[in-house]
Structures are given as structure tokens and as C-alpha cells.
Amino acid sequence: MEFAFYFSAGVAVAATLMVIINTRAVHALLYLVTSLLAVSMCFFSLGAPFAGVLEIIVYAGAIMVLFVFVVMMLNLGSGSEQQERQWLSPRGWIGPGLLSGLLLAQLLYVLFSEPSSGTVSGATVDAKAVGFALFGPYILAVELAAMMLLAAMVTAFHIGRHEAKEVA
Amino acid sequence: MSWLTPEVIAILISVLKAIVILLAVVIAGALLSFVERRLLAVWQDRYGPNRVGPFGMFQIVADMLKMFFKEDWTPRFADRLIFTLAPVVAMSSLLVAFIVVPITPTWGVADLNIGLLFFFAMAGLTVYAVLFAGWASNNKFALLGGLRAAAQTLSYEVFLGLSLMGIVAQTGSFNLRDIVAYQADNLWFIIPQIFGFLTFFIAGVAVTHRHPFDQPEAEQELADGYHVEYAGMKWGMFFVGEYIGIVLVSALLATLFFGGWHGPFDLLPQLPFLWFALKTGFFIMIFILLRASLPRPRYDQMMAFGWKVCLPLTLINLLVTGAIVLAAA
């Protein structure tokens, strides 16, 4: 299972890198979907199928669809591609790249200086366990998230209603 | 033959079973194109394709020959990568979802604990097929079809999932084999979960883009919607993908609401596949009958129906089911 984890994690990293350096918006989004699928595979390999499948349903199946939807409506042509290429010129990202490379080196140093004892156990965390955790120790976070979503829904309803009145 | 241990034989047998199920689903999907045309003709007082072979049975061969030898044309203005990817997604995502369907006590590809959720995940990914096909074709009718499809699928997927949560609450499991076993001991879910059945059926029709929810490919307004630029085998994959979707939703309806491979009143328990095939076939017929008899509603009416009727219905159903489960516990 550890091999599966590292393999899908590698795919996720590569796909995310392609999201950043791709100049076509829709192709970049396609890579982002791939990256989310790879992350969900990571969850599967760690023994959390419920989280993995939720990752696909919520992120890849719903949120990314909206992203793709909006990008398609924007009708980005070759002009935006040119612009992206300009923004991605080496001079622009060489400084940030170097600095984040330093941070990555530091992270790797910390990770490998002490051999960790954690391994992939493969014990399955099923939906029931997730439910008990959510409505047990994490009940406050669930309630807060619910309140925020309710506020967002009321706002969306308000905005949509206003426009509908103007049309009528 | 030292490598032929019992474990290897068991693995080989299950791989073989999976391949047989895969082929059976694809062949059933392909044959449906002929069956649908004949049945539509019967219900509309026409003959339908009856020239090639006995009862026109070889029409499917003629169609396939035509499709294979057609020029597989990619428009120069299309986005090549995504244009090719879209039909692959259309056909494979629902085909992959078939692995969670238990066919008989001994047949079925995978016995996943998250069975139903896996189906939702794959159904969620199918929307990319139409979305990408519509966008990559670089054609305004295709794009409009793709946008309609995305909005429709997103709206109907909300209660596609919610409509089945009543079943999950009663059974206490996402596993489809557990759901079948629960129905064998208790009532079939069609009685206690009648509202779940109605909404899931409507959502299932909408997610497979079947009539009367075939707005994304409405011929009158959009020429042919998202696959207007497709030809040859790529178009064929969209076509077969749609029928695979019908087979999948029918099989799920039979499994989730009509007791799967069990017969009514425990009749003939020796023939589990017969019962499964009969129930699935019945729902496929209903799919075709819907297309033969119903007109296509307007797009805004369809969206309003989804959000204002079906979604509240599923929520109330879930609430009442939850209350009953709590009261019984």
C-alpha cells in the first residue's frame, strides 16, 4: 500500500505542477482534476475510502465542474495564452522558485534527519467512524461550517432573487 | 505447474468474471440501439428496422460496419486532446461504475464498502464528458449543449445522492450486497422508499441525458448538442456510453428498490440471474417507453422541477426516514 501512496502522491505533484505551468486554462483545469483524483487515491491507499470518494464527489465532481463551467463561458482565446506565456517567463519565477526550493530542502532535511516510526497501517476508516468523529469531538467545527454555508446560501438566494425581479 | 496455487486460480477466476461482466454490459449497450429502435417503432405504430436478417436482427452489425468505416474526422478548429478525451470519459466512467453492482450472490466485480458512493463519484465524473466535448468542438451549438448538460447534471446530481440516503439510513451500509440482503429480510425498498424511488428514477434519467431530459442534445434547437462535431467511432462511444448509462441505472434500480437477485415471495431462488435480468430489462423498457411517449419540457421548467419539487421531496423523505429509524432504534 505504501507504494500506491507514493505513486499517487507523485502523480498529484506532477499534475499540480502542470496546472501551474500550463498556458491553456482548460488544460490546466484538466490537470487539476487529475491532481484531485490522485489525492483521492492517496486517501484510498491510506485506508480512508470514505474520504477518498468524498474527494471525488465534492471536489472533482462538483466544484471543479463549476470552475470548468466558468472558464468555458469566459471564452479565453489565443490572446490570454500569449499573456500567460509572458507571465510564465523564467525571469518572473526564478526568484520565488529558488526560495521555495530552499524551503523544500529544509523540509526534506527535517523529515529525514529523524527516521519517523509512522507507516501506512492499512486499517480502514469507514463512514461510520468518520460520522462518529464529526458528531463527537468535532461537533463545533461541523456546526460552524453549517452556519457559514447557511449564510452563503442566503446570500446567493438574495442575489439571485434581486436579478429575477429586474427581469420580471 | 507450481505457480498454479489455489490463490492464483481464485484471482484468475475473478478476473475472468470481471471481463465477462464488462463484455456483457458493453454488448447489452450496443444491442440496445437496435432494441430501442424496434420498440419505439412498435409503440409508435411503425415497422422500425426490419430488413437486415430475421426481424432486422443484423441491423446492429450493419450499423457497426458503417461506424467503423466512417471517416474519424477531428475538426481543425477543435482542441485535439480534449476532443479525443471526451468520448473516452463518456463511455468509461459509467462502465467503471458497474463494478459495484451485485448481479447474483456469486457474480459481481467488486464488493466495495463504499459501493453507492463509488457510483456517485463516477456519475459526478461523467459530466466532464459533455462539458469537454461541448467546449473542445469550438462550435456554438456544441458549447450551448455542453453548458446545458453541465447545469442539468449538477442540479440533478444533488438529489441523485440524497434520494438514496433513505436506503442507506435504513440499511446502515453503503454496500449494495448489504442493501440486497436487507431487502430479502424486510420489505423491498420500493414500498418504504417510494419517494426515494421516484426521485432517483428521475435523476437517473436526467444524468444519462435520456428523453425527456435530453435538453443537452435537443435536435430542434441545438442541431445535436455537444456531440454535433463528432463522427465515426468517437460518436459511437458517446452513443454506447448513453446505453451503458441506461443499463447501469436500470440495474441499480433493480438492486436498490426491487430486491436485486431475489424473486418476489422468494420464488425460484435457484435462478438469481433470471430475476436480476428480468428487473433490469423491465427498467430499460421503461426508459424507452418514456422516450416514445413524452414530449420534451422547456429547459427552465426542467431546472425548476428539479430544484423546487424533487429536492424538497428528497429532503422530506430523508427527514421522515431518519425519524422512523431513530424511533425504531
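1. Let's start with a helix pair in chain B of this predicted model. Helix H9 (residues 232-257) of chain B and helix H10 (residues 272-293) of chain B bring their axes within 8 Å of each other, and they cross at roughly 125°. Angles from 65 to 115 degrees would count as roughly perpendicular, and H9(B) and H10(B) are therefore oblique to each other. The hand of the crossing between H9(B) and H10(B) is right-handed.

2. Which residues make the contact between these two helices? On the H9(B) side they are B:Ile246, B:Val247, B:Ser250, B:Ala251, B:Leu253 and B:Ala254. Facing them from H10(B) are B:Phe276, B:Lys279, B:Thr280, B:Phe283, B:Ile284 and B:Phe287. Sorted by class, the contact of H9(B) with H10(B) holds nine nonpolar, two polar and one charged residues.

3. Helix H1 (residues 6-43) of chain B packs against helix H2 (residues 59-69) of chain B at an angle of about 115°, and their axes are 9 Å apart. That angle makes H1(B) roughly perpendicular to H2(B). The crossing of H1(B) and H2(B) is right-handed, and the crossing of H9(B) and H10(B) is also right-handed.

4. What does the H1(B) and H2(B) contact consist of? From H1(B) come B:Ala30, B:Leu31, B:Ser33 and B:Phe34, and these meet B:Gln59, B:Ile60 and B:Asp63 in H2(B). By class, the contact of H1(B) with H2(B) has four nonpolar, two polar and one charged residues.

5. Now for chain B as a whole. Chain B has 11 helices and zero strands. The radius of gyration of chain B is 21 Å, close to the 20 Å that the globule rule gives for 329 residues, so chain B is as compact as a globular protein of that length. Taken along the principal axes, the C-alpha atoms of chain B fill a box of roughly 60 × 60 × 45 Å.

6. Of its 329 residues, 45% count as buried. Among contacts in chain B between residues at least 6 apart in sequence, 78% join residues at least 24 apart.

7. Chain A can be described in the same terms. Its secondary structure comes to seven helices and zero strands, and from the N terminus on, the elements of chain A run α-α-α-α-α-α-α. Of the 168 residues in chain A, 19% are buried. Among contacts in chain A between residues at least 6 apart in sequence, 65% join residues at least 24 apart.

8. Finally, how many residues does each chain bring to the contact between them? Chain B gives 17 residues and chain A gives 16 residues. Helix H4 (115-136) and helix H5 (140-171) of chain B each supply at least two residues of the side of chain B that touches chain A. H4(B) gives the most to that side, with nine residues. By class, the side of chain B that touches chain A has 15 nonpolar, two polar and no charged residues.

Definitions and conventions: Residues numbered from 1 in each chain as written. Chains lettered and ligands numbered in written order. Predicted model: local features only at pLDDT ≥ 70, side-chain atom pairs only at ≥ 80, totals over all residues. Helix = DSSP H or I, 4+ residues; strand = E, 2+ residues; numbered from the N terminus. Rg over C-alpha atoms; globule rule 2.2 N^0.38 Å. Buried ≥ 20, exposed ≤ 12 C-beta atoms within 10 Å, placed from the backbone. Contact = placed C-beta atoms within 7 Å. Nonpolar A, V, L, I, M, F, W, Y, C, P; charged D, E, K, R; others polar. Axes fitted to C-alpha atoms, helices over the stretch in contact; angles between N-to-C directions. Parallel < 35°, antiparallel > 145°, perpendicular 65-115°, else oblique. Left-handed = near helix turned anticlockwise from the far one by under 90°.
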